[in-house]
Amino acid sequence: MQSEIKKLAKKASVLEPAEVERKKLTQLVADYVENFLSHLPASQIFEADLINLKSLHALGVEEKPKNIDEIIHLIKDHVIDPGLNLSAPGFLGYIPGGALFSAALGDFIAAATNRYAGIHFVSPGATRLENILVEWLCQLLGYSKQAGGYLASGGSLANFTAIVAARETFALSSKDFHRAVVYTSSQVHHSMIKGLRIAGLKETIIRYIPVDENYCVKPELLLQNIQQDKKNKLIPWLIIGNLGTTNTGSVDPSKQLAEIASSHHLWLHMDAAYGGFFILCDTLRPLFQGIEKADSITIDPHKGLFMPFGLGALLMKDKHHLLKTYHYDEIDYIPNYQFEYESSPASMSPELSRHFRGLRLWLPLKLYGVAPFRAALQEKLLLTQYFYEALTKMSGIEIACRPQLSVVAFRFHPKAGNINEFNTRLAEAIKIQGKIFFSTTYLNKQLYLRMACLNFRTHLDTIQEALLVLKETINTLSKL
Ligand SMILES: *Cc1c(COP(=O)(O)O)cnc(C)c1O
């Protein structure tokens, strides 16, 4: 038996490379990343997916090994290159990503050391770091010491986690679901509606309250709906406000929503996944007035703090609602779990074994301090204003509304023909040129292009180029 064990160990030994081999692997991977980053400013915004049967086969998992050079080629050609280049400065669609290089270094350390960020006594350092970040976020948004939260994989999971905590806090049971009412606007992010569904709440009544000309919810209509529903013996339960809608970056009035929620005893959740970090910009603070009164807030560092995808956050005004919903205190095989359970992300979320995702955020914040983040966000706001003002001077352009944050939705009215069709072609023609990417959305059934400025790599030259490309493409298409 012993010789069999040793034979197997030898076979498996490649899984723990020696130092020389490790350094070689690290260097080759770093070289690839370096190459990617240094070519980024000039690289195309979009690459066609050229996968064929042969390369698809090469990507498959096999018994036999491949060497690292070949693997890096596969990654480059068939994994990283196809599709939209979300890291490039000209990517102005959806909510742009970007990803700070230093965040990747944080991930590298977190993955290589594999600290366990689920339970406090196992890795007190890792959980403490995440809790410090959560505290910082809570402070930023004006929450008191009662508040808490956790770092989620993204806004969708944070929103879902909030819905379940709100359901439990209100002790809604299945017999109430069809009478429980959720209030939001037509501009709500679909992850909230999906969250309700996967929380078992698809029978709840959803009232889409009309928005004003800036795509912000109308509080007086919200109030009327709640009063009417109360009269009709329904259970007004949850208000979902948007702090930065995805479509137009519009900001619902937190203060008024909070007043309504508090006087009628509803849960207020603010979805600030996209817009939340603009609170760092002093000029925008008035827009955030009252957000500290929301029962829960979703905010995504993988949007407004330029982190790689996979980092959202849920904050709750009273962390005990989160603990009551998510803490599980009888785990046979973890006797120490009770100890300081309040400091364990596993007690505040659906997750147990989880990625130590705090390190990627903490490392850049420590390395640079907060000031450059604030400056980058303020720069994005001004770039958006610049873009908006230039659009107002272009003939034939209709703008959905004045931008409150860093999204502008607009469309071109052609002299003849279908407007939606023209704008669909416009977006596609711009994408194919490979320098700039705008996404599209529907507002009142009309198709608009969206310019969303949130990549830290996007600067004035890119926005000027975006305007030029837009003008030229409109001219070209208009002549066809
Ligand atoms: C992006 C976004 C979400 C979803 O967050 P993910 O991190 O993509 O899961 C939710 N709400 C708003 C307003 C968003 O912009």
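The ligand is surrounded by 14 residues, of which Gly 155, Ser 156, Asp 271, His 302 and Lys 303 are the closest; a residue counts as near if one of its heavy atoms lies within 4 Å. This is a predicted model, in which local features need pLDDT of at least 70 and side-chain atom pairs count only at pLDDT 80 or more, while totals for chains, interfaces and linings use all residues. Residues are numbered from 1 along each chain as its sequence is written, and side-chain values use heavy atoms, with hydrogens and water left out.

Reader: Which helix supplies the largest share of the shell around the ligand?
Author: Helices are DSSP runs of H or I with at least four residues, and strands are runs of E with at least two, numbered from the N terminus. At least two shell residues come from each of α7 (155-169) and α11 (301-304). The largest share, three residues, belongs to α7.

Reader: How much of the ligand's exposed area does the protein bury?
Author: An oxygen atom of the ligand is 2.8 Å from an N or O atom in the side chain of Asp 300, and a ligand oxygen is 2.7 Å from such an atom of His 302. A nitrogen atom of the ligand lies 2.6 Å from a polar side-chain atom of Asp 271. Taken alone, the ligand exposes 380 Å² (Shrake-Rupley method, 1.4 Å probe). Of that area, the protein buries 85%.

Reader: How many residues of strand β9 are buried?
Author: Buried means under 20% relative accessible area (1.4 Å probe, protein chains only). On one side of β9, Gly 312, Leu 314 and Met 316 are buried, and on the other Ala 313 and Leu 315 are too. For β9 (residues 312-316), the count is five of five.

Reader: Which residue stands opposite Ala 313 in β9?
Author: Strands pair if DSSP finds at least two bridges between them. Strand β8 (residues 296-299) runs antiparallel to β9 with four bridges, and Thr 298 stands opposite Leu 314. Strand β3 (residues 148-152) is also antiparallel to β9, joined by five bridges. Opposite Ala 313 stands Leu 151.

Reader: With which side chain does Thr 473 make a polar contact?
Author: Thr 473, in helix α16 (residues 460-479), is buried, with a relative accessible area of 5%. Leaving out residues up to four places away in sequence, Thr 473 touches Leu 426, Ala 429, Ile 430 and Gln 433, where contact means heavy atoms within 4.5 Å. A polar contact is a pair of N or O atoms within 3.5 Å; within protein, one must be able to donate a hydrogen and the other to accept it, and residues adjacent in sequence count only if both atoms are side-chain atoms. At 3.0 Å, the partner of Thr 473 is Gln 433.

Notes. Buried means under 20% relative accessible area, exposed over 50%, partly exposed in between (1.4 Å probe, protein chains only).
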